[in-house]
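Have the sequence and the 3D view open as you go.

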Amino acid sequence: MRILLKSAVLIGAVAMLATPAIAGPNDNLNAALWTQRSVEFKGSALTAYALATIRLDQALADKGWSALAAAEQGDDFRDRPAAVILDVDETVLDNSPYQSWMVLNDQSFHPKTWGKFVNTVTSRPIPGSLAFTKYAASKGVKVFYVSNRNGDLEDATRKNLEKFGYPMGGNVDTVLLRKERPEWASSKKSPRRSHVGKDYRVLLLIGDNFGDFVDGYKKTQAGRAALMKQHTAKWGKQWIVVANPTYGSWESAPYGFNYKLSGDEKRALKAGSLEAWKP
Ligand SMILES: [Mg+2]
């Protein structure tokens with residue numbers, strides 16, 4: 001039995017060595033490697049959710065506490081039931097196998113391959129997210145998932161969350177995807193935050209992308225930095241960020257969200273935005 005186990009480990013190691021060669025240099029290799037294989041990423045995510053747990057308790061004790069903009073939360077929210085809003089991808093569900101597929105095959109994001117991946121229902125929990133959402137639910141806090149996955153991926157998304165036992169909201173629709181309603185056509189999440197805010201006091205926003213917290217994230221790097229500064233007091237309190245170095249609006253900002261540019265053009269603009277030491 002022991003010999004069998006040992007050979008299984010050895011075969012596993014050889015199989016890893018025999019992984020198909022990478023199609024070419026890919027800018028996302030380190031980012032995918034870090035999120036998928038490093039203990040540092042796992043530790044970082046656990047840290048974010050440990051902080052979120054502390055903030056949840058503080059927020060429950062303070063009825064004046066809200067994570068939403070005034071326009072999203074509305075007036076007289078103190079006595080509304082409590083909720084938290086989490087993004088899904090790279091906040092709750094880890095899609096690093098899709099990222100790694102792109103790296104190894106020099107592919108970029110496409111709705112067709114993404115939909116195919118999502119429908120495999122194989123995304124795993126981001127460390128800390130399951131324990132946090134269960135803790136929130138145990139305190140009577142409604143857990144909402146506000147994601148820019150398109151509405152046609154709702155079944156697969158629900159199945160993936162249910163598979164691990166994420167709180168699903170009972171008779172309340174807590175999975176709010178893009179294009180699920182005509183007024184939710186935009187990737188900007190403010191209308192969906194307002195939808196939750198009218199019935200709940202929203203304690204925390206948790207996400208990996210600036211747009212998970214505030215609209216107006218599709219700006220230049222300087223514009224984004226200014227918008228971030230306006231909300232300085234919220235970071236680490238009402239707003240908790242999970243690290244995602246593989247994609248996000250931070251990556252698109254240097255090339256002005258112009259997805260039609262070629263890979264080389266985007267790369268040149270990204271490199272050009274770096275502040276470099278001049279020896
Ligand atoms: Mg995300």
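How many bridges join strand β1 to strand β4? Four do, and β1 (residues 82-86) and β4 (residues 142-150) run parallel. This is a predicted model, in which local features need pLDDT of at least 70, side-chain atom pairs count only at pLDDT 80 or more, and totals for chains, interfaces and linings use all residues. Residues are numbered from 1 along each chain as its sequence is written, and side-chain values use heavy atoms, with hydrogens and water left out.

**The sheet**
- Five strands form an open, parallel sheet in the order β5-β4-β1-β6-β7; strands are DSSP runs of E with at least two residues, helices runs of H or I with at least four, both numbered from the N terminus, and two strands pair if DSSP finds at least two bridges between them.
- The edges are β5 and β7 (239-241), each pairing on one side only.

**Strand partners**
- Ala-83 has Lys-142 in β4 as its bridge partner.
- Four bridges also link β4 to β5 (residues 175-178), again in parallel.
- Along β5, Leu-176 stands opposite Val-146, and Val-175 stands opposite Tyr-145.

**The magnesium site**
- Asp-87 (OD), Asp-89 (O) and Asp-208 (OD) are the protein donors, 2.0 to 2.2 Å from the magnesium ion; donors are N, O and S atoms within 2.8 Å of the metal (3.2 Å for Na, K and Ca), and sites may look incomplete because water is not among the atoms.
- Asp-89 lies in the loop between β1 and β2 (93-94) and Asp-208 in the loop between β6 (201-207) and α10 (221-230), so the pair ties together parts 119 residues apart in sequence.
- Asp-89 and Asp-208 are both buried (under 20% relative accessible area, with a 1.4 Å probe and protein chains only; exposed is over 50%, partly exposed in between).
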